[in-house]
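Dear colleague,

I am passing on the structure we spoke about, and below it you will find what came out of looking through it. Please read the notes alongside the model itself.

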Protein chains: 2
Amino acid sequence: MQEHYPHPEIADVQLGEVLQALSDPLRLRIVAALAQGDERGWGEFDAPVAPSTLSHHMKVLRQAGLVTHRREGTRCIVALRPDLEERFPGLLGAVLRLTPAEQGAK
Amino acid sequence: MQEHYPHPEIADVQLGEVLQALSDPLRLRIVAALAQGDERGWGEFDAPVAPSTLSHHMKVLRQAGLVTHRREGTRCIVALRPDLEERFPGLLGAVLRLTPAEQGAK
DNA sequence: GGCTTTGTTCGAAGAATATCGAATGACCAA
DNA sequence: TTGGTCATTCGATATTCTTCGAACAAAGCC
């Protein structure tokens with residue numbers, strides 16, 4: 001882990017990278033789960049992959065500008081990036097409206 | 001070329017594949033150009049790649065369900081797939097509204 | 001200080017993707 | 001039928017992505 005996670009400036013977030021990040025089933029599921037409500041702990045997604053793989057996907061989502069990571073004690077809290085809507089209005093809504101509901105399940 | 005191009009059934013078109021297809025700059029440019037108006041001839045995109053590479057991207061777009069290909073004499077006409085809006089309402093609009101205008105240039 | 005929990009980082013292996021040039025095929029025109 | 005145009009396919013290469021296990025690091029607890 002690390003003290004502070006590096007997040008890109010919102011102006012540096014690129015549409016192509018956002019779309020590519022969303023094109024992976026697991027990553028889309030993570031984003032959909034976060035969109036259902038609040039932030040979540042890193043480990044609360046029961047992703048069917050090894051921790052190192054999940055960590056990789058989390059990094060992709062963070063670097064693409066989709067989510068934020070925050071340290072809380074020994075745990076990592078993941079949340080949708082709030083300023084994404086202002087950077088790409090309507091994008092996340094349009095995508096998530098179309099993703100099957102069960103993808104948001106815990 | 002081929003007599004008839006294979007297109008997926010609209011019901012088989014997957015969101016993830018659409019997003020992945022759109023995540024490539026050249027492919028997004030092609031789709032944006034098509035969205036500006038009418039269909040276009042294959043060669044009228046002045047893509048900065050070799051013909052074989054363009055052909056590859058066209059195939060990706062077609063297989064992802066984003067465009068249709070139609071034979072016309074010795075040429076190939078490319079168009080946005082009309083039933084995509086009904087399959088994923090609002091998706092293409094949301095994405096294209098956010099893509100820089102010059103990407104639609106010929 | 002040790003131990004546990006929680007993620008990250010580091011290779012490495014395998015799959016997928018992007019790109020090109022060369023060869024090919026389909027159609028049209030002369 | 002010979003050639004030209006337009007696009008696809010094939011084979012090759014280089015890059016990127018996905019995935020894992022092993023090792024590591026930070027924070028808190030005993």
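B:Arg70 is partly exposed, with a relative accessible area of 33%, where buried means under 20% relative accessible area, exposed over 50% and partly exposed in between, computed with a 1.4 Å probe on protein chains only. Its side chain meets that of B:Glu72 in a salt bridge, at 2.6 Å from N to O, the term standing for a side-chain nitrogen of Lys or Arg within 4 Å of a carboxyl oxygen of Asp or Glu. B:Glu72 is likewise partly exposed, at 45%. In chain A, salt bridges that share partners join A:Glu39, A:Arg70 and A:Glu72 into one network.

Please keep in mind that this is a predicted model, in which local features need pLDDT of at least 70 and side-chain atom pairs count only at pLDDT 80 or more, while totals for chains, interfaces and linings use all residues. Residues are numbered from 1 along each chain as its sequence is written, chains are lettered from A and ligands numbered from 1 in the order in which they are written, and side-chain values use heavy atoms, leaving out hydrogens and water.

A:Arg81 forms a salt bridge with A:Asp83, with the closest N and O atoms 2.9 Å apart; A:Arg81 is buried at 10% relative accessible area, whereas A:Asp83 is partly exposed at 22%. Over all chains, the structure holds 8 salt bridges.

As for the two chains, a rotation of 180° with 0.0 Å of shift along its axis superposes chain B on chain A, with an RMSD of 0.0 Å, by least squares on the C-alpha atoms of residues with pLDDT of at least 70 in both. That is the relation of a two-fold axis.
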